[in-house]
Number of protein chains: 2
Amino acid sequence: MRTVYVNGNYVPEEEATVSVFDRGFLFADAIYEVTSILDGNLIDFDGHMKRLHRSLNELKMPFYMKDADLMAIHRELVSRNAITEGLVYLQISRGAADRDFIFPAASVPPTVVLFTQEKELIDNALAKRGQKVITVDDLRWRRCDIKTVQLLWASIVKNEAKVKGADDAWMVRDGFVTEGSSNNAYIVEGDGTIVTRSFSYDILSGITRTAVLKCAGEIGAKVEERSFTVDEAKVATEAFSTSATGFVNPVVEIDGVKIGTGVPGPVVTRLREIYTETSRAVAV
Amino acid sequence: MRTVYVNGNYVPEEEATVSVFDRGFLFADAIYEVTSILDGNLIDFDGHMKRLHRSLNELKMPFYMKDADLMAIHRELVSRNAITEGLVYLQISRGAADRDFIFPAASVPPTVVLFTQEKELIDNALAKRGQKVITVDDLRWRRCDIKTVQLLWASIVKNEAKVKGADDAWMVRDGFVTEGSSNNAYIVEGDGTIVTRSFSYDILSGITRTAVLKCAGEIGAKVEERSFTVDEAKVATEAFSTSATGFVNPVVEIDGVKIGTGVPGPVVTRLREIYTETSRAVAV
């Protein structure tokens with residue numbers, strides 16, 4: 001049985017609860033981060049903390065725990081749950097208060113929840129086979145740069161992909177791909193240029209995205225940060241997504257159309273290798 | 001101390017909890033209804049149940065409790081908490097399951113939570129004074145017709161209104177008012193015509209909206225269901241909002257501009273009277 005952290009306590013998962021008045025439950029007034037664990041170490045914890053603080057600031061959510069304390073909780077959970085490969089999930093909500101659209105007093109303590117999941121990150125079957133994705137309208141709210149738990153649409157489209165025999169859904173706004181259900185989206189053009197949407201309110205600023213674009217630079221790949229259409233994606237040489245737990249993950253089919261040769265190509269394969277090596281080396 | 005209903009149990013509010021793995025908490029994968037209580041009776045319970053089932057269907061959320069059983073819980077809470085005037089809040093989530101964007105098996109039981117709030121509905125200070133509203137961009141997701149707990153933007157703008165010395169925010173998409181933070185929005189034109197946005201994915205199909213438009217018909221007022229701009233609203237004779245707990249609630253100022261004479265006008269005043277009388281008469 002997993003041990004879960006809730007507001008200062010380490011408890012068995014069956015006892016890990018929050019108030020029904022928690023604003024995360026009533027208003028989706030909560031943010032989160034997912035940090036991957038490789039060899040029992042945290043990948044890019046600092047990057048996740050930086051984004052966490054950005055989310056907190058954007059939502060004017062009071063929070064006073066130190067990053068070092070959050071790191072200690074991450075480590076404690078990894079240790080207690082004997083996680084070698086997987087993730088630590090961290091969620092912070094604006095706390096529990098009688099239901100009111102108006103924010104509660106800043107003195108109301110936030111709710112802090114952390115739990116772990118075991119997951120094979122390196123030996124990823126999907127990465128070997130390549131993902132099939134469908135495209136769907138992006139109906140999410142217009143501040144996708146803030147990592148909130150307003151994930152219902154992402155969940156619906158990911159589920160729809162599964163029902164249709166696919167692995168994920170890429171969301172499309174005004175004809176251009178924004179991102180996957182829980183990952184950033186990329187295509188590789190004929191000349192090897194890696195194209196991915198530039199950062200804006202429309203997408204999450206992926207921690208893995210930043211690291212992978214750096215890796216791309218190291219292998220001399222040209223990167224263009226610009227929006228691309230579904231039609232561009234369908235004629236791309238390769239396509240892939242990046243996320244904390246998916247690393248670099250090939251996309252081999254979009255709406256039933258094979259991308260390139262229909263198997264993971266050389267660029268994504270090389271990027272996945274380099275990203276994995278780099279992450280392993282810098283994980284702490 | 002309030003008694004709260006959670007998954008079959010009546011518990012003191014301090015003990016009313018849900019799992020941290022509840023999909024309402026992790027994915028905002030939950031819907032809700034708010035039924036007003038007047039003289040200890042439920043206002044338009046059938047209307048709320050109808051909309052609840054619509055929300056459940058749209059989200060493909062399995063749910064098997066009978067309306068009669070939900071009504072019995074509403075009544076029990078009203079009784080236990082001695083609510084004469086106020087509301088019963090009902091939330092249903094897709095249940096608790098280890099975190100995954102994919103929906104859990106349909107066999108996972110939904111989470112059902114109900115609680116009460118005392119609130120003066122008739123003797124409403126805001127209705128006497130009239131609301132000041134600000135206008136803000138509508139950044140919400142594109143399925144506002146489904147009553148989900150993805151309420152973060154509504155909460156943010158309501159809070160912003162308060163910070164700016166106003167009472168609520170009207171949301172604007174492509175120049176047209178969609179609705180208030182938790183209510184439908186109306187204007188009254190010079191010839192007495194009541195204008196409110198027609199039902200679509202952009203707004204919630206208000207239970208109170210339906211009842212109030214019926215009341216409008218009864219006093220011979222002309223109703224136009226069409227979108228209106230902020231500029232139209234600013235030169236309207238009257239403006240108001242409707243919601244389950246706000247009833248018919250005058251708006252006397254929009255972005256600092258006085259509406260009509262700056263005090264609640266005759267149309268909204270009459271509508272509030274009729275709606276209150278009607279609700280009281282049919283409440284069960």
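The model is predicted: local features need pLDDT of at least 70, side-chain atom pairs count only at pLDDT 80 or more, and totals for chains, interfaces and linings use all residues. Residues are numbered from 1 along each chain as its sequence is written, chains are lettered from A and ligands numbered from 1 in the order in which they are written, and side-chain values use heavy atoms, with hydrogens and water left out.

## Chain B against chain A

The size of an interface is often given as the accessible area lost when the parts come together. Here buried area is the accessible area (1.4 Å probe) that two parts lose on being put together, summed over both. Chain B and chain A bury about 4,600 Å² between them, and carbon and sulfur atoms account for 68% of it. On the chain B side, B:Phe25, B:Phe101 and B:Leu152 lose the most area to chain A, together 17% of what that side buries. Contact means heavy atoms within 4.5 Å; 52 residues of chain B and 52 residues of chain A take part.

Two salt bridges are counted between the chains, a salt bridge being a side-chain nitrogen of Lys or Arg within 4 Å of a carboxyl oxygen of Asp or Glu. B:Asp98 and A:Arg2 form a salt bridge, with the closest N and O atoms 3.0 Å apart.

Helices (H or I, at least four residues) and strands (E, at least two) are DSSP runs, numbered from the N terminus. The elements that give two or more residues to the side of chain B that touches chain A include α1 (23–27), β4 (30–38) and α5 (152–163) of chain B. The largest share, eight residues, comes from α5(B). By class, the side of chain B that touches chain A has 27 nonpolar, 13 polar and 12 charged residues. In this scheme Ala, Val, Leu, Ile, Met, Phe, Trp, Tyr, Cys and Pro count as nonpolar, Asp, Glu, Lys and Arg as charged, and the others, Gly among them, as polar.

## The two domains of chain A

Chain A is assigned domain 1 (3–118) and domain 2 (125–282); the bounds come from an automatic or database domain assignment. Their C-alpha centres lie 26 Å apart. In contact are 21 residues of domain 1 of chain A and 20 residues of domain 2 of chain A. The area buried between these domains is about 1,800 Å², with 61% from carbon and sulfur atoms. A:Tyr32, A:Arg51 and A:Arg54 lose the most area in domain 1 of chain A to domain 2 of chain A, together 32% of what that side buries.

Three salt bridges are found across the domain interface. The side chains of A:Arg143 and A:Glu58 meet in a salt bridge (2.8 Å, N to O). On the side of domain 1 of chain A that touches domain 2 of chain A, the elements giving two or more residues are β4 (30–38), α2 (45–58) and β6 (86–93) of chain A. Of these, β4(A) gives the most, with seven residues. That side divides into 10 nonpolar, five polar and six charged residues.

## Single residues

Buried means under 20% relative accessible area, exposed over 50%, partly exposed in between (1.4 Å probe, protein chains only).

| Residue | Relative accessible area | Class |
|---|---|---|
| B:Ile203 | 1% | buried |
| A:Ser241 | 4% | buried |
| A:Asn7 | 42% | partly exposed |
| B:Asp174 | 71% | exposed |

B:Ile203 is in the loop between β12 (194–196) and α6 (207–218) of chain B. Not counting residues up to four places away in sequence, B:Ile203 touches residues including B:Cys144, B:Thr178 and B:Arg209. B:Ile203 and B:Asn183 are 20 residues apart in sequence and 9.2 Å apart in space, C-alpha to C-alpha.

A:Ser241 belongs to strand β14 (residues 238–243) of chain A. The side chain of A:Ser241 makes a polar contact with the side chain of A:Gln131 (3.0 Å).

Most residues other than glycine have a negative phi, and most peptide bonds are trans. A:Asn7 has a positive phi of about 45° and is in the loop between β1 (3–6) and β2 (9–12) of chain A. B:Asp174 has a positive phi near 55° and is in the loop between β9 (168–173) and β10 (176–180) of chain B.

Conventions
A polar contact is a pair of N or O atoms within 3.5 Å; within protein, one must be able to donate a hydrogen and the other to accept it, and residues adjacent in sequence count only if both atoms are side-chain atoms.
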